[in-house]
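Visitor: I would like to learn how to read a protein structure, one feature after another. Could we begin with what surrounds a single residue?

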Amino acid sequence: MAGNSFGQLFRLTTFGESHGRALGGVIDGCPAGIPLDEEMIQNELDRRKPGQSAIVTQRKEPDTVEIYSGVFEGKTTGTPIGFAIHNTNQKSHDYSHIKDSYRPSHADYVYDQKYGFRDYRGGGRSSARETASRVVAGAIAKQFLSEIKINAFVSQVGELKMETPYQKLDFANIESNPVRCPDTEMAQKMEEYIKAIKKEGDTIGGVITCVIQNVPIGLGEPVFDKLHARLGEAMLSINAVKGFEYGSGFDGVAMKGSEHNDAYNTDGTTKTNRSGGIQGGISNGMDIYFNVAFKPVATVLQAYDTINKEGEKVSTQGKGRHDPCVVPRAVPIVEAMAALVLADYALLARTNKI
């Protein structure tokens, strides 16, 4: 299986399965001498871990990260940073009913067809539990990018959509509720809705908005390595993501060019920011902001029809511990992937100056 690495200069390779002994990764290219706060890394993992509230999967995992290399006396050494997160609460029997059949809209069927073999316990490598390793690497990237601020939050669940512009939000409120929506009134509505969906044995999707501030001018490369293209690649690599838009996004198609253009101030900033902080694939110093759309989790705790390995129609029912809505736990994952992209381009910008 290829495709387990992300990044060029700041490069992450992950390993592990949902029900294996551990997940983990190796980070290549992190510069030496970066003060590393391991408590901050663990806090980021705690934001992603299961069992943290009534509206997420009740799998109980401490998700404690152990760093094995690349750090000495609280600072990075410049050598590969190796880490692992051990699994402690697997219930593989919850998946015995799908050993010989395929769950709709999961990777089960295509894994079997591509590799001729699959780990049916929680989806194995295709499980969203793999993203725990990304969060560790993203937390390290954030500390390398200490001047850049990355804040993601839930802006929509189902049809419940927050309309407040991000400039008017207090990002300090993001962690004040289990939905991770900074609008506390809307967060309450979203939480109640997710609980109702869970009670039905069903799932619902949502949108995460990410805002990146204090970005220097010049990150990104023209043509194939545009900054927004790499951000899109990063977000679309996250499980359950179905869409990515930055700046004005799809709403921009309804505007005339004269309305959509960002007029310049004399200092090079722009009066508006419909470009989303990126022009020509290169950061222009304005805020970068984008939306990431997540589909409803495919595992529903209801009866459904599918096929087995012999192509026969069979009926079964979803079991196990699953998220009724993935977006609250995906917030730190979105931030982590954004940090990995920016760390990679920050190092590339250094090489261009040599």
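Guide: Contact here means heavy atoms within 4.5 Å. Leaving out residues up to four places away in sequence, Gly70 touches Lys75, Thr76, Thr77, Thr79, Pro80 and Ile81. Please keep in mind that this is a predicted model, in which local features need pLDDT of at least 70 and side-chain atom pairs count only at pLDDT 80 or more, while totals for chains, interfaces and linings use all residues. Residues are numbered from 1 along each chain as its sequence is written, and side-chain values use heavy atoms, with hydrogens and water left out.

Visitor: Where is Gly70 placed, and is Gly70 buried or exposed?

Guide: Helices (H or I, at least four residues) and strands (E, at least two) are DSSP runs, numbered from the N terminus. Gly70 has its place in the loop between strand E4 (65–67) and strand E5 (71–72). Buried means under 20% relative accessible area, exposed over 50%, and partly exposed in between, with a 1.4 Å probe and protein chains only; Gly70, at 7% relative accessibility, therefore counts as buried.

Visitor: Which residue does UniProt list for "binding site"?

Guide: The unreviewed UniProt entry lists Arg48 under that heading; UniProt positions are given in the numbering used here, feature names are shortened, and annotations may be inferred rather than shown by experiment. Arg48 belongs to helix H1 (residues 38–48) and is buried, because its relative accessible area is 2%. Apart from neighbours within four places in sequence, the contacts of Arg48 include Asp63, Arg129 and Arg329.

Visitor: How should I read a pair of aromatic rings?

Guide: A pair of aromatic rings is described by the distance of the centres and the angle of the planes. Rings of Phe, Tyr and Trp (its six-membered ring) pair if their centres lie within 6.5 Å, and planes under 30 degrees apart count as stacked, over 60 as edge-to-face and the rest as tilted. By this rule the count comes to seven aromatic pairs. The rings of Tyr111 and Tyr115 have centres 5.7 Å apart and planes at 70°, so this pair is edge-to-face. Both residues lie in helix H2 (residues 108–115), four residues apart, which is about one turn of the helix.

Visitor: What kind of aromatic pair do Tyr166 and Tyr289 form?

Guide: Tyr166 and Tyr289 form a tilted pair, with 5.6 Å from centre to centre and 40° between the planes. Tyr166 lies in the loop between strand E9 (160–161) and helix H4 (184–199), whereas Tyr289 lies in strand E14 (residues 288–294), so the pair ties together parts that are 123 residues apart in sequence. Tyr166 is buried, with a relative accessible area of 11%, and Tyr289, at 18% relative accessibility, counts as buried.

Visitor: In what order do the five strands of the open sheet stand?

Guide: Two strands pair if DSSP finds at least two bridges between them. The order of the open sheet is E9-E8-E10-E14-E11, and the pairing is antiparallel. E9 and strand E11 (241–246) stand at the edges with a single partner strand each, so one side of each is left without a neighbour in the sheet. Strand E10 (residues 206–213) and E14 pair in the antiparallel sense over seven bridges, and Thr209 has Asn291 in E14 as its bridge partner.
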